[in-house]
Amino acid sequence: GPAVHQMEKRGVETFLGKRRLNMQVLIIDNDIAYRNGVSMAASNKHWIPVSCGDIRTAKQIISSTLPDLIISDCLLYGETVIDLLVWMKLQRIDIPVIAVSAAADEALSAAVIKNGADCFYDKLNFTLSKIYEVLEKHQS
């Protein structure tokens, strides 16, 4: 039935200590090397990474799979993570969004948080250890 299909699609959820495994993280960034780096970090922490390079594709992925966490660059080909946040609010989709940007702009940071992102990181500060910390926080 549909419940079994849900389980197959999600990967059966197991626990590692207090951590949930097989959670899905969506990584949105038009820099493929960065996407791959974050995907590898996520795999190391037992997440299932899914990634794309633009907001339109991200919306399709979110609609079909409902990831557990989203890590998104702020500026993607003329669209911003704010477009995604506004759309998610309209769709009543409540998934934590971590926004990262190479352009550490305080106005952008404030706008992103105001529109519902969980937090905002300057890409330079979003190091591997910080990525691990964020993933682990959302696994508990």
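**Two loops**

I looked up His46 and found it in the loop between α2 (32-44) and β4 (47-52); helices (H or I, at least four residues) and strands (E, at least two) are DSSP runs, numbered from the N terminus. The model is predicted, so local features need pLDDT of at least 70 and side-chain atom pairs count only at pLDDT 80 or more, while totals for chains, interfaces and linings use all residues. Residues are numbered from 1 along each chain as its sequence is written, and side-chain values use heavy atoms, with hydrogens and water left out.

I noted that His46 is not a glycine, yet has a positive phi of about 65°. Most residues other than glycine have a negative phi. His46 counts as partly exposed because its relative accessibility is 41%; buried means under 20% relative accessible area, exposed over 50%, and partly exposed in between (1.4 Å probe, protein chains only).

I then checked Leu66, in the loop between α3 (55-65) and β5 (69-73). Leu66 is also a residue other than glycine with a positive phi, near 45°. Its relative accessible area is 43%, so I list Leu66 as partly exposed.

**Helix α6**

I checked the length of α6 (residues 128-139), which has 12 residues. The expected span is 1.5 Å times one less than the number of residues. That gives 16 Å, and the end C-alpha atoms are 16 Å apart, which agrees.

Which residues of α6 are buried? I found Ile131, Tyr132, Val134, Leu135, His138 and Gln139. They cover an arc of only 165° around the axis, so they are on the same side of α6; the arc is that of the directions from the helix axis to the C-beta atoms. Ser129 and Lys137 are exposed on the other side of α6.

**Cores**

I looked for nonpolar cores, meaning sets of buried Ala, Val, Leu, Ile, Met, Phe, Trp, Tyr and Cys residues joined through side-chain atoms within 4.5 Å. The largest has 24 residues, and those with the most contacts inside it include Leu26, Ile62 and Met88. Helix α4 gives this core its largest share, six residues. Apart from this core lies another, of 19 residues, among them Val25, Tyr34, Phe126 and Val134.

I followed Ile62 and left aside its neighbours within four places in sequence. Its contacts (heavy atoms within 4.5 Å) include Leu26, Pro67, Trp87 and Ile95.

**Whole chain**

I recorded six helices and nine strands. Of the 140 residues, 41% count as buried.
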